[in-house]
Each structure stands twice: as structure tokens, then as C-alpha cells.
Amino acid sequence: MSTPRSSARSRSKAGGGRSTLFRVAVAISVLGAALTVFAARGVAFGLDHALPLVIMLVMGAASAGLRTRAAEEHVAFSFTAVVLLGSLVLLGPVGAVLAGVGAALLDARHRWSSDHLFNAAMIAFSTAVAAVAYRIAGGALAVDGALAVQTQRGWVAIGTSVPSLTEHVLLPLLAADAALFAANLTVLLLMRAPTAGEVRSLVVESLIYTIPLYLGHGVIAFILAVLWVPGRVGPLAALLITAPLLVTRWIHAQYAEEKRAHRRILETLVDAGTGPQGAAHADRVGAYAEAIGNQLGLRAGQLRVLRYAAMLHAIGSADGCVVESDLPAPE
């Protein structure tokens with residue numbers, strides 16, 4: 001999913017090491033299991049969900065494997081949220097959590113490390129929170145080949161008109177989407193234990209970058225569910241949805257490469273203007289400036305400009321830069 005820039009590795013470092021990471025993973029796993037049980041009351045999950053579950057797992061694994069991050073931006077591109085939200089409709093709460101956990105475990109980047117397990121626990125927790133929000137909002141589920149809502153008389157099929165689908169699928173999915181975002185952001189803040197400036201910066205970045213992406217994922221998940229069930233497209237709907245997302249990912253990757261090229265050009269200019277020692281000095285100054293900007297709560301674009309300006313400050317100096325002492329660059 002598209003999230004503010006973070007990783008389980010950085011969270012564990014900021015939160016006090018692997019023991020903290022493990023304790024948080026256990027805590028959110030237990031809480032996620034309880035929320036899943038609450039959301040799944042009266043919802044059957046059986047063999048007829050096997051094929052949709054496998055397809056959702058494949059989509060989730062593809063999203064994790066193709067995950068990319070724009071250089072020097074605080075947003076990573078993936079469509080895991082589409083998989084989780086679509087699974088809420090097609091598989092119900094239990095199936096959605098299984099799809100999320102399975103996709104996280106199939107992600108080969110972490111290779112069964114503590115980070116790997118933490119990410120799986122976090123996805124399970126976030127999906128469970130989203131499932132509760134979806135059920136509270138009256139979201140419809142795929143039951144016997146139709147979208148239906150649970151009432152006191154049992155499962156009642158909803159209409160296929162636009163108002164009906166909007167009321168029982170789209171709006172609940174957007175509510176679940178918001179809950180998914182809030183759960184991710186909450187765990188991130190708790191793990192990082194940020195300063196006031198970092199909290200402000202993270203929240204602002206989330207509002208500017210992440211929320212629009214999450215809303216888009218909610219709409220895409222709605223299209224997936226409608227194509228699959230009322231549209232009678234079935235599993236082919238996954239391909240129709242995934243193909244445009246892969247194109248979007250490719251465009252996102254090209255933009256990231258442009259940013260990396262910009263960075264390399266900047267480093268070349270600094271090296272040419274100040275020499276190797278000056279370049280190392282400029283890189284440290286840029287890191288210090290970015291760290292100070294983080295404490296002040298500057299946004300991602302402002303931090304990038306600040307770092308570039310700091311790195312370029314020594315160009316034009318006749319004698320180059322004086323290298324600082326062996327102080328480590330800020331993390």
C-alpha cells in the first residue's frame with residue numbers, strides 16, 4: 001500500500017530494537033485477531049472462497065514484489081490496499097485478513113526476518129480494523145454469487161443500481177479505507193515515538209500525499225468488487241484491475257529514476273566544485289540540514305530543497321570545504 005515513508009527496520013530502531021518490534025507485533029496480532037472475530041460474526045468462510053483467496057494472494061504478492069518508492073519522496077507505490085479492500089467484499093473479514101497476511105509472508109524482500117513478521121502482523125491488524133469499519137458502515141459481502149447485506153432476517157441481496165451499490169459498497173469501502181489508513185498511521189507513530197515536529201510533518205505528509213492515494217484505492221476496490229460479482233466478470237476482474245495498476249507503477253518508477261538522476265547530477269556538481277573531501281562534507285551538511293528540518297516539521301518538498309541547498313553551499317569556495325570532525329551523519 002502507499003504509505004508515509006517508513007519501514008519495519010526504521011521503526012524497530014526508533015522504538016528500541018527487535019524486542020520492542022516483537023512485543024508490538026504480538027500485541028497488534030492479538031488485537032487484530034479479536035477485531036477479526038468481532039467483524040466476522042455471522043459471516044461464513046469456506047471452500048467456495050478458495051479461488052478468490054488464491055487470486056487475492058497473487059495480487060498481494062505482486063504488489064509487494066513490485067513495490068517501489070519515489071526517490072526522496074515520502075510515499076511508496078503499491079496496490080496492497082486495493083487487495084485488502086477488495087477482499088473485504090469478496091471474502092469477508094476472515095478472508096481479507098488471510099489475504100493480507102499471506103501477501104505479506106510471500107514478500108521475499110525481508111526473507112522471514114522479524115521485520116517480515118511485523119509487517120504481516122501490521123497488515124492483519126490494519127485489515128481487521130478496516131473490516132470492523134466496513135461492517136459497521138453496512139457494507140455488502142459476496143454471498144452465493146450476489147452482493148448482500150446482513151439483516152435480522154438473514155442475508156438480503158442488494159440491487160445493482162448505482163445508488164444501491166454506492167450506499168452498500170462504495171461508501172462502506174471508503175470508511176474501511178479511512179480506518180485502514182488511520183490504523184497504519186497510529187502504529188507508525190507509536191513505533192517511531194516522534195517529536196512534536198515529526199508528528200506534525202508526518203500528519204501533513206499523510207494528508208497531502210497518502211490520503212488521496214488511499215481514496216483512489218477505495219474506488220479501485222469498488223470497481224473490482226462490482227466487476228467480479230454484479231458484473232459477472234469473475235476472476236478476470238483481477239486482471240482488468242491489475243493491468244492498469246502495473247502501468248501506473250511503471251510510470252511511478254520512471255519518475256523515481258528521474259529523481260535519482262537529478263540527485264546524481266547534484267552530487268557530480270558538488271564533487272566537481274569542491275573535490276572528494278568537500279563532497280563528503282557537503283553530504284554531511286545536507287544530512288544535518290534535513291534532520292533539523294524534520295525537527296521543525298517541514299514537508300517532504302521543503303526538506304528536499306533544504307538538503308539540496310545545504311549540499312550546494314560550498315560550491316564556489318576557493319579553498320574547498322574544511323572537513324568536519326568524525327561526527328556521524330544523523331540517521
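Tutor: The model is a predicted one. Helix α4 itself covers residues 80-90 and is mostly covered, eleven of its eleven residues being buried. The buried residues of α4 include T80, A81, G86 and S87, along with V82, V83, L84, L85, L88, V89 and L90. Buried here means that a residue has under 20% relative accessible area. For the protein chain, 46% of the 331 residues count as buried.

V89 is among the residues in contact with V169, once neighbours of V169 within four places in sequence are set aside. V169 belongs to helix α7, which runs over residues 162-192. With a relative accessible area of 0%, V169 is buried. Besides V89, the contacts of V169 counted in this way are Y134, A140, L147, I158, S164 and F222. Between V169 and A221 there are 52 residues in sequence, while their C-alpha atoms are 9.6 Å apart in space.

The contact with F222 can be followed from the other end. F222 sits in helix α8, residues 196-228. Its relative accessible area is 16%, so F222 also counts as buried. Leaving out residues up to four places away in sequence, F222 touches V169 as well as L165, L170 and L173. F222 and L174 are separated by 48 residues in sequence, with 9.0 Å from C-alpha to C-alpha. Across the protein chain, residues 24 or more positions apart make up 75% of the contacts that have a separation of 6 or more.

The wider setting is as follows. The secondary structure of the protein chain consists of ten helices and five strands. Further along is helix α10, residues 300-311, whose twelve residues should span 16 Å at 1.5 Å a residue; the end C-alpha atoms lie 17 Å apart, which agrees. Buried in α10 are A300, L303, R304, R307, Y308, A310 and M311. These residues cover an arc of only 165° around the axis, so they lie on the same side of α10.

R307 deserves a separate word. Side chains of opposite charge can pair when their charged atoms come close. R307 forms a salt bridge with E290, and the closest N and O atoms are 2.7 Å apart. R307 is in helix α10, whereas E290 is in helix α9 (residues 236-296), so the pair ties together parts 17 residues apart in sequence. Both partners are buried: R307 has a relative accessible area of 13%, and E290 has one of 18%. The count of salt bridges comes to one.

The surface remains. F22, V26 and V30 make a nonpolar surface patch of about 300 Å². F22 is located in helix α2, residues 18-39. Its relative accessibility is 58%, so F22 counts as exposed, whereas V169 is buried.

Note on methods: Residues are numbered from 1 along each chain as its sequence is written. This is a predicted model: local features need pLDDT of at least 70, side-chain atom pairs count only at pLDDT 80 or more; totals for chains, interfaces and linings use all residues. Side-chain values use heavy atoms; hydrogens and water are left out. Patches are made of residues with over 30% relative accessible area and no salt bridge: like charges are joined within 9 Å, nonpolar side chains (Val, Leu, Ile, Met, Phe, Trp, Tyr) within 5 Å. Accessible areas come from the Shrake-Rupley method with a 1.4 Å probe; for residues, only the protein chains shown count as cover. A salt bridge is a side-chain nitrogen of Lys or Arg within 4 Å of a carboxyl oxygen of Asp or Glu. Helices (H or I, at least four residues) and strands (E, at least two) are DSSP runs, numbered from the N terminus. Buried means under 20% relative accessible area, exposed over 50%, partly exposed in between (1.4 Å probe, protein chains only). The expected span of a helix is 1.5 Å times one less than its number of residues. The arc is that of the directions from the helix axis to the C-beta atoms. Contact means heavy atoms within 4.5 Å.
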